[in-house]
Amino acid sequence: MTSALQILIDAISVGSLYALAALGVGLVFGVLRLVNFAYGDFITVGSYALIVPSASITAILFIGNWPWPLLVVASAIIVMIVALICDFVVFRPLRQASPAVLMIASFGLSYIIQNAIIIIYNARPKAIGIWPGLAEAIAIGDLRVPGLQVVTIIVALGLLAALVLFLRKSRFGVQMRAAAEDFQMARMLGVQANTVIGTAFVISAFLAAIVSLLFLCQVGVVSFHMGTQLMLIAFIATVIGGMGSLVGAVVGGYAIGIGGTLLQVMLPENLRYFRDAFVFGAVIVILLVRPQGLLVARAARERV
Amino acid sequence: MSRTTTLGSFLRAHSTPIVLSLVLILIALVATAAQSSSFDRTVIDLLIRVVFVVGLYIFIGNSGVVSFGHAAFMMIGAYATGWQDCCSMTKSFFMPGLPQFVLDTTVPPPVATFVAGLFAALFALLVGAAIMRLSGIGASIATFAMLVVVNVVYSNWDSVTAGTSTMTGIPAFTDRWVALVVALIAIFAAYLYQISRFGLMLRTSREDEIAAKASGVDVVGQRLLAFALSAFFAGLAGALYAHFLGTISVNAFYLDLTFITLAMLVVGGLNSLSGAVVGVICISALIEILRQLEKGIDVGSTSIALPGGAQEIGLGIAMVLVLIFRQRGITGNQEITWPLLRVTEKPGREQEIDRAHTTSPPASRWRHLSKLIKQGGVP
C-alpha cells in the first residue's frame with residue numbers, strides 16, 4: 001500500500017513538471033499559433049544561467065551561489081531576456097507566416113541556441129548541485145518521500161493557481177485569453193498584439209526557468225540538450241490535451257507524466273527500455289481517436 | 001506543325017528534371033576530374049542527400065504537411081540493407097534475433113538497395129494509413145512521435161539491430177555513379193508524380209483541403225500514396241548511405257538529420273522539385289565552406305579558425321534568414337526550366353494550381369483586405 005502511494009506521488013511530481021512545461025508551450029501557441037521548438041532551449045538556458053560562461057570542464061557557480069529567491073529571479077530574468085530577443089529577432093518578422101513556417105523557424109532557432117551553448121560552455125555535461133537539502137526525504141506518516149517531489153508538486157499547484165488568477169482577473173490575462181480565442185477580433189477591439197505576445201513569451205520563459213531549476217535539482221547535471229526531451233514531452237502534452245487549450249495542456253502534461261511513470265513500473269523488465277516507444281505510440285493513438293485533443297479549445301474548431 | 005517542333009516543345013515544357021539532372025551530372029563530372037578523395041566523398045554525400053530530400057519533397061511539397069519522421073524511413077532502409085547483405089559470417093552473432101532465412105542469405109547490393117526502399121515504403125503504408133487521417137500540426141506531431149518510436153525501438157532491440165552499437169561490415173557498393181543514377185531516378189520519379197493526376201490532386205488539397213474534398217479528391221488516400229512513395233526514396237537513401245559508409249548506427253538518423261534535411265528543403269523552396277535539389281546543393285556547399293573555416297584558413301602567418309559549432313550556427317542562421325526574407329525559398333517555389341529557350345507554351349498544370357492560388361482576383365483581394373486589417377487600418 002505504501003509503495004503504491006509512493007509510486008503515485010512520484011507519478012504526480014513527474015506529471016507536475018511536464019504540466020508546467022506544457023503550459024509554457026501552450027501559452028505561446030495560444031496567441032501566436034507557434035509550435036515553439038526553441039522552448040526546450042529556454043529550459044536549458046535557465047540552468048546554464050547559474051554558472052560562469054567558460055569552456056572549463058567543471059562548473060563554476062555564480063548565480064547558483066545566491067540565496068534561492070534571488071537565484072530563481074535572476075535565472076528567470078535571463079531566460080525572459082533570451083525569449084524576448086528570440087521573439088523580436090525571429091518571430092516578429094514572421095507574424096504573417098503560416099504555422100508550418102513558424103514551426104520550422106523555431107526549429108532553426110533551437111539549433112542556433114544549442115550550438116551557441118556548445119561554443120560558449122563546451123559540449124560536455126557539467127555537474128551542478130543546487131539546494132542539496134531538497135534531496136532529503138520527508139516523512140509523512142509511514143511514507144518517506146523525497147523532498148524534491150513534494151516541492152515540485154507544491155510549486156506546480158501554486159503556479160497553476162497563480163496563472164489561473166492572472167488569466168481571469170488581470171487586464172493582461174483577459175487580453176491574452178481573448179487573443180487566444182480570436183486574435184484578429186481582439187486586435188480590432190484594441191488589444192495590443194505585441195504586448196500580448198510579449199507577455200505570453202515572458203510567462204512562458206518564467207515557467208521554463210522554474211521547470212529548468214526543478215529538473216536540474218533532479219538530475220544534477222547541465223547539458224546542451226537537457227531541455228530537448230522536456231520540450232518534446234511538453235509538445236506532445238499540448239497536442240493530446242488539445243492545442244490552444246491551456247487546461248488541456250495541463251491535463252496532457254499530467255497524463256503523460258503519470259502514464260509514463262506507471263508504465264515504467266508495470267512493464268515487464270525486458271520491455272522497460274521500450275517505454276518511450278509505448279508512450280509515443282499512445283500519443284499517435286490518442287491523436288487518431290481525438291484529432292482535436294482531449295479537450296477541444298473553442299478557437300481550434302475549423303470554420304469553413 | 002512538324003514532329004520535331006512537337007518534340008522540342010514537349011522537351012521544353014518538361015525541361016525541369018532534365019536541367020536538374022544535367023546540374024548533378026556536371027557536379028559528378030567535376031568530382032571525377034578533381035580526383036580528390038575528400039571532395040569525392042562530399043559529392044557522394046550530396047547525391048545521397050538529393051535522394052533523401054527529393055523523397056521528403058514528394059510528400060511535404062505536394063501535400064503541404066510537414067513531416068518530421070522521414071529520418072525514420074532512412075534508418076529503416078539502412079538497417080534493412082544491413083540485414084540483407086552485411087557480414088555473412090558474424091551476422092548470427094551480432095543479430096541473433098533475425099529470422100533464419102535472413103541470416104542464411106546474402107543478397108547482392110543492388111537488390112538489397114531496392115528491397116530496402118520497398119521495406120521503408122511498406123512501413124510507411126502501414127503507419128501512414130493511421131497518421132494520414134490527421135491534418136496540419138497534428139499530422140506533423142504524429143510523424144514526430146513515429147520518429148521517436150522507431151528510434152527507441154531500433155536503439156533497444158539489441159538482438160535485431162545490434163542496439164546503439166554500430167552495425168559494421170556492409171559492403172561498400174555506393175560510389176559516385178551509383179549515387180548519381182539513384183538521384184536521377186528520384187528526380188524523374190518526383191517530377192512524373194507531380195505532373196500525374198495523383199500529384200495534381202494532392203496539390204489541390206495542399207492549397208485548400210476542404211475544397212479538394214468537395215471536388216471529390218480522396219485526400220487521405222492521396223497523402224498515403226505520396227507518403228509511401230517518399231518513404232521509398234528515403235529508404236533508398238538509407239541503403240545508399242549504408243553502402244557508402246559500411247557502418248550504421250541509430251544516432252545518425254535522428255534530430256540532426258531531420259533538421260539538416262528540412263533546412264535544405266526550406267532554403268530551396270518547399271513547394272518545388274527544383275527547390276529540393278537547389279536547397280541540397282546550396283546547404284551542402286555552405287556546410288563544406290563552414291567546415292573548411294572551422295579547420296582554419298591561413299592568413300599571412302596566422303591561421304584563423306571558427307570555433308566548433310559555428311558550422312551548425314551558420315546553417316541555422318541561413319535557414320532563419322531565408323524564412324524571414326524569402327519565405328518561398330531560393331527558387332521562389334518555381335520550377336527551373338531550360339534557361340535558353342523560354343517556355344512560351346502553356347504552363348504546366350501543377351504550376352497553374354500554384355498560380356491560381358496566388359493571383360486569382362478574389363484571393364488577392366481577400367489577402368489585401370486581411371493584410372490591411374492586420375496592419376490596423378480598417379478599409
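Trainee: How many C-beta neighbours does Asn122(A) have inside 10 Å, and what does the residue count as?

Mentor: Asn122(A) has 16 such neighbours, so it counts as partly exposed. The scale places C-beta atoms from the backbone and calls a residue buried if 20 or more others lie within 10 Å of its own, exposed if 12 or fewer, and partly exposed in between. The model is predicted, so local features need pLDDT of at least 70 and side-chain atom pairs count only at pLDDT 80 or more, while totals for chains, interfaces and linings use all residues. Residues are numbered from 1 along each chain as its sequence is written, with chains lettered from A and ligands numbered from 1 in the order in which they are written.

Trainee: Where does Asn122(A) lie?

Mentor: Asn122(A) sits in the loop that joins α4 to β1 (126-127) of chain A. Helices (H or I, at least four residues) and strands (E, at least two) are DSSP runs, numbered from the N terminus.

Trainee: Which loop holds Arg33(A), and what is its phi?

Mentor: Arg33(A) is in the loop between α1 (2-32) and α2 (39-48) of chain A. Its phi is positive, about 55°, although Arg33(A) is not a glycine. Arg33(A) is partly exposed, with 18 other C-beta atoms within 10 Å.

Trainee: Back to α4(A): how many of its residues are buried?

Mentor: Of its 23 residues, 17 are buried, so-called "mostly covered". As to length, helix α4 of chain A (residues 99-121) should span 33 Å at 1.5 Å a residue, and its end C-alpha atoms are 32 Å apart, which agrees. The expected span is 1.5 Å times one less than the number of residues.

Trainee: How many residues does each chain bring to the contact?

Mentor: Chain A brings 37 residues and chain B brings 33; two residues are in contact if their C-beta atoms, placed from the backbone, lie within 7 Å. On the side of chain A that touches chain B, the elements giving two or more residues are α4, α9 (226-241) and α11 (275-289). The most comes from α4(A), with 15 residues.

Trainee: How do the residues on that side of chain A divide?

Mentor: They are 32 nonpolar, four polar and one charged. Here Ala, Val, Leu, Ile, Met, Phe, Trp, Tyr, Cys and Pro count as nonpolar, Asp, Glu, Lys and Arg as charged, and the others, Gly among them, as polar.

Trainee: Moving to chain A overall, how many helices and strands are there?

Mentor: Chain A has eleven helices and four strands. Its radius of gyration is 19 Å, close to the 19 Å that the globule rule gives for 304 residues, so chain A is as compact as a globular protein of that length. That radius is taken over C-alpha atoms, and the rule is 2.2 Å times the number of residues to the power 0.38. Buried residues make up 47% of the 304 in chain A.

Trainee: Which helix holds Ala186(A)?

Mentor: Ala186(A) lies in helix α7 (residues 183-188) of chain A. With 21 C-beta neighbours inside 10 Å, Ala186(A) counts as buried. Not counting residues up to four places away in sequence, Ala186(A) touches Gln175(A), Ala178(A), Ala179(A) and Val191(A).

Trainee: How far is Ala186(A) from Ser223(A)?

Mentor: They are 37 residues apart in sequence and 40 Å apart in space, C-alpha to C-alpha.
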